[in-house]
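Subject: Handover of a protein structure

Dear colleague,

Please find below the structure that I am handing over to you. My notes on what was found in it follow directly after.

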Amino acid sequence: MTLLENITELGLGPASTALGLVGLMALIATYLIQRYPKLKVSRTTAKGALLKTTPADPKSPYPYLLQFPPSRRHTLAQLPEFEKSDIRDVSPETLKSQALPTTGTPDLNKDNLYTTMGFSTQDIRKLGRFPDYAILSGVRNPLPVGPDWDINKATFRPFRPFRWGYHQHMALMKFDPDYWVELERNYLPTMAARKALLAEHPTRIFFHQPASDLATRELMEMVLTFLVNRYPQHFRLSDNSTIFHNNLLKTTTNLLTTHSLTVLFENVPEDYCLMLRNPADGFYYLRAAMTCSSVGWNIGQHRDKPLKDIHTHVPDYNKMAMSMDRWFSKVASDTPVMRCSWSLEDWEVMFTTPEIQPNWTRSAFADCPEKLNYKDIRLRCDAQTLRRLPISGAVVFNFKVVITPLEELREEPYIPRLLYTILEGGKENLIEYKCHANVRRVAMETLKIWAEDQEERGIVERDWEVGTLEESPFFKGWREKWAAQQGFAS
């Protein structure tokens, strides 16, 4: 079995196990390295020429000291304020020797320091606030939601990321710029719940180092740019983009006096983690995070850790460590990736960890399994994106949690049989992470009945060879169902 097959069979949902966020990052990185082994490490000049960086030295304890992601500095030539500037490529040696610090407090007023992406401190000052991130990143701005879209009816897309057999693929999907952030009808209660969690568990949920301020500001500006373009009826910027207006919460935020990560936390119901490259060793460290949706772990446990230390609990991580570090050194800002993992749960908790609950158990029915009914079971999906910021070069991981009653899967073509097959025949250690044993038993009993009913009614062929659906991570007819749930035509 290949490494990819091993990794795929260990594809765990971040909400369901302590592997969580960090395990997922390892899975994505390893998949991409093996799926695209010829991915080039290159730099692009203003004229578009590709300049290779120094190859990694596998014998060195710091093999990525002179390896940098593809620079986006050449895109400055497309911005009016740089029209007459001499935009040249920056050598790896200069990026190393004159690196903008990612520890301590970097001085952006000091000239001739460079980010991982090759932008100088002079460039950063000249760009100012809210530059054209579509040009800088290579990812277009989102289209506005349609006229029929209503926040009071909006639902997440119906993710069903089930795969059989697991050797096929990692369920990575093309990043859709319209869905980087998704708002839905529970926006207000979700924001209130997140605010309460932060008040109760501040250091377990939220942190940022001074060195991450450039990256967090960049992320904040990119997310707010997304919001005002995607949901213009609910969000806007004013006063030369220094004031952010949230019409849903009826709040205004001064972006000059509020920390960037706080701006995001107070307006966006999604989780973010920022990994920054350390110029001293070329590895990436967790320097800022806001993560509420964690079950069995908390992001505060991994503050300031490098990837290799964050992943000590990941099975066989020693086999994938080099591939993951190599991927982080290469990934470009114009190629974000998406993925969706899943688990089955019998409660809808957002945040819990053994640190605050000594007798913590994953199942709400652990002491009374006979009382568990299929109506208590929820499909929990974590839709995730991983992308590099174009200026700072920070790698940002974010995810949203989508909870669906198991009963909703009943009429979805092929889904009951597919999920039953996975629960019945999946690798034991994988299924143990996906759901509690009691949840698995009840779900299988129910799914079998639903699958046989679909076959009786001719919805699914009796001789169907179970496999990953072509529509994955969704299902046949999902657009029509999703549109009907929100009250508009598909």
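In what follows, Ala, Val, Leu, Ile, Met, Phe, Trp, Tyr, Cys and Pro count as nonpolar, Asp, Glu, Lys and Arg count as charged, and the others, Gly among them, count as polar. Please also bear in mind that this is a predicted model.

The largest pocket

By those classes, the lining of the largest pocket has 15 nonpolar, six polar and 13 charged residues. The pocket holds about 760 Å³ of space. Its lining is made up of 34 residues, and Phe156, Glu184, Asn186, Val401 and Ile403 are the ones that lie nearest its centre. Three elements, helix H6 (187-200), strand E13 (378-388) and strand E14 (395-405), each supply at least two residues of this lining. Strand E14 provides the largest share, with seven residues.

The chain as a whole

The protein chain contains 15 helices and 14 strands. It has 490 residues, and 58% of them count as buried. The chain exposes about 20600 Å², of which carbon and sulfur atoms supply 50%. Among contacts between residues at least 6 apart in sequence, 74% join residues that are at least 24 apart.

The cavities

The structure also holds eight cavities of 30 Å³ or more. The largest cavity has a volume of about 180 Å³. It is lined by 19 residues, of which Leu100, Thr102, Thr115, Thr116 and Ser392 are the closest to its centre. Helix H8 (213-230) and strand E8 are the elements that give two or more residues to this lining. Divided by class, the lining of the largest cavity has 13 nonpolar residues, five polar and one charged.

The second largest cavity has a volume of about 130 Å³. Of the 14 residues that line it, Val139, Arg140, Asn141, Trp180 and Arg387 lie nearest its centre. Here the elements that give two or more residues are helix H5 (133-137) and helix H8. The lining of the second largest cavity divides into nine nonpolar, three polar and two charged residues.

Two individual residues

Asp281 sits in the loop between strand E8 (271-277) and strand E9 (284-290). Is Asp281 buried or exposed? Its relative accessibility is 8%, so Asp281 counts as buried, the cut-off for that class being under 20%. A polar atom of the Asp281 side chain lies 2.9 Å from the backbone nitrogen of Phe283. Leaving aside neighbours within four places in sequence, Asp281 is in contact with Tyr62 and Leu65. Asp281 and Tyr64 are 217 residues apart in sequence, yet their C-alpha atoms are 7.2 Å apart in space.

Asn438 belongs to helix H14, which covers residues 437-456. Asn438 is buried because its relative accessible area is 7%. The side chain of Asn438 makes a polar contact of 2.6 Å with the side chain of Arg441. When residues up to four places away in sequence are not counted, Asn438 touches Pro369 and Leu372.

With kind regards

Notes:
Residues numbered from 1 in each chain as written. Predicted model: local features only at pLDDT ≥ 70, side-chain atom pairs only at ≥ 80, totals over all residues. Heavy atoms only, no water. Helix = DSSP H or I, 4+ residues; strand = E, 2+ residues; numbered from the N terminus. Buried < 20%, exposed > 50% of the residue type's maximum accessible area, 1.4 Å probe, protein only. Contact = heavy atoms within 4.5 Å. Areas by Shrake-Rupley, 256 points an atom, 1.4 Å probe, with all protein chains shown as cover. Polar contact = N/O pair within 3.5 Å; in protein donor to acceptor, adjacent residues only side chain to side chain. 1 Å grid on protein atoms, 1.4 Å probe; cavity = no way out; pocket = protein on both sides within 12 Å on 5 of 7 lines; lining within 4 Å. Points joined across faces, edges and corners; volume = space filled by probe spheres on them.
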